[in-house]
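Subject: Structure for you to look at

Hello,

Here is the structure I promised to pass on. Please open it first, then read the notes below it.

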Amino acid sequence: MAAAPATAGRAASPSPPPQLPSPFAELVKTPSGLEKVVLRGARNCCAEVYLYGGQVTSWKNDNGEELLFLSSKAIFKPPKAIRGGIPICFPQFGTHGNLEQHGFARNRFWAIDSNPPPLPVNPAIKAFVDLILKPSDEDLKIWPHSFEFRLRVALGPSGDLSLTSRIRNTNKDGRPFSYTFAYHTYFSVSDISEVRVEGLETMDYLDNLKAKERFTEQGDAIVFETEVDKVYLAAPSKIAIIDHEKKKTFVVTKEGLPDAVVWNPWDKKAKAMQDFGDGEYKNMLCVEPAAVEKPITLKPGEEWKGRLALSAVPSSYCSGQLDPLKVLQG
């Protein structure tokens, strides 16, 4: 992931700390000097969200097991983006535009939104935080559009994690704007060679390793033997990531995001990244709900909502296959 210009982004406010609406959320200052919100659920379930990037960096189940990948070489020093967790790619995914790779939202300081517009929620969800990002003067120079980006990160009673994004066009000059988007989710896996992804069979995809050429996926499920960087188009609302060694399945549910990116850098690219361990590609996989092929366009006053929900469940097997009725259609 590319770094942002050091001049961009808003500095954290020195005013009194904002009030968190949930008693199950705590604002903590980290050794790096950056602030994060810790969400605490039932038993040992928890999640951590940095104000820098509005980025989830940790999600643990009720056994205290980390479910997201965070590189041991991740750099917690602006303007570098944090390698791992769930970076937010906005207003551009990858190199699909003229901005720096993956846009600028992931290396800006977000603010806690203590009074967000109402958002329908499950009343059983007690641990959540609302964040907001607005463009700085520097941002407006590189992307001349006014917006409000509201993000709610919530930890459900069973340990499920959800991210709900609301982006509103606040331009005063009547201009619409268009953007691409992704939740760049890094999953922690036991061994990439023991992982399969189900739900994307027979889908068309753009291969970023072949100049975004379009292909159709072959085979029963996606397995990994080399570098992968694909954008699956019109992907289903549920995708399953099956970790055979851990006998665990991640269920990715997406709303408002038609595409799904699958990425693993493999060995050569891993060695070329300063903030990524040489062998860490074996223990991570990115499956990213996204809007890439067709940018989202908002007129002034219009708002878009996109949601990601993650759960981790024991794998169900039948001749080595995931039971699709239990996960993909459940």
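Which strand gives the most to the lining of the largest cavity? Strand 8 does, with three residues.

Some background before the details. This is a predicted model, so local features need pLDDT of at least 70, side-chain atom pairs count only at pLDDT 80 or more, and totals for chains, interfaces and linings use all residues. Residues are numbered from 1 along each chain as its sequence is written, and side-chain values use heavy atoms, with hydrogens and water left out.

Overall picture

The protein has two helices and 23 strands. Helices (H or I, at least four residues) and strands (E, at least two) are DSSP runs, numbered from the N terminus. Of its 330 residues, 55% count as buried. Buried means under 20% relative accessible area, exposed means over 50%, and partly exposed is in between (1.4 Å probe, protein chains only). Among contacts with a separation of 6 or more, 67% are between residues 24 or more positions apart. A contact means heavy atoms within 4.5 Å.

The cavity

The structure holds one cavity of 30 Å³ or more, and the volume of the largest cavity is about 30 Å³. A cavity is a set of points, on a 1 Å grid over the protein atoms alone, where a 1.4 Å probe fits but cannot get out; lining residues have an atom within 4 Å of a point. Grid points are joined across faces, edges and corners, and the volume is the space filled by probe spheres set on the points.

The lining of the largest cavity consists of D113, P116, D130, L131, R150, L151, R152, T164 and R166. Strand 7 (127-133), strand 8 (147-155) and strand 9 (161-169) each supply at least two of the lining residues. By class, the lining has five charged, three nonpolar and one polar residue. Here Ala, Val, Leu, Ile, Met, Phe, Trp, Tyr, Cys and Pro count as nonpolar, Asp, Glu, Lys and Arg as charged, and the others, Gly among them, as polar.

Annotated positions

The unreviewed UniProt entry gives the annotation "active site" to H184 and E288. These two are spread over 105 residues of sequence, yet they cluster in space, with a largest C-alpha distance of 5.0 Å. UniProt positions are given in the numbering used here, feature names are shortened, and annotations may be inferred rather than shown by experiment.

H184 is in the loop between strand 10 (177-183) and strand 11 (186-188), while E288 is in strand 20 (residues 284-298). Are they buried or exposed? H184 counts as buried because its relative accessibility is 4%. E288 is buried too, because its relative accessible area is 1%. Leaving out residues up to four places away in sequence, E288 touches F93, A182, Y183, H184, T185, D259, A260, V261 and W263.

The "binding site" annotation, again from the unreviewed UniProt entry, covers R83, Q101 and R106. They are spread over 24 residues of sequence but cluster in space, and the largest C-alpha distance is 13.7 Å. Q101 lies in the loop between strand 5 (88-89) and strand 6 (111-112), and R106 has its place in the loop between strand 5 and strand 6. Q101 is partly exposed because its relative accessible area is 32%, whereas R106 counts as buried because its relative accessibility is 0%.

Backbone details

A cis peptide bond joins P78 and P79, with omega of about 10°. P79 is in the loop between strand 4 (55-60) and strand 5. The peptide bond from F90 to P91 is also cis, with omega near 0°, and P91 is in the loop between strand 5 and strand 6.

T202 is not a glycine but has a positive phi of about 65°. T202 is in the loop between strand 12 (195-198) and strand 13 (204-207) and is exposed, with a relative accessible area of 56%. K212 is not a glycine either, and has a positive phi of about 60°. K212 lies in the loop between strand 13 and strand 14 (213-216) and counts as partly exposed, at 34% relative accessibility.

Regards

Technical notes
1 Å grid on protein atoms, 1.4 Å probe; cavity = no way out; pocket = protein on both sides within 12 Å on 5 of 7 lines; lining within 4 Å.
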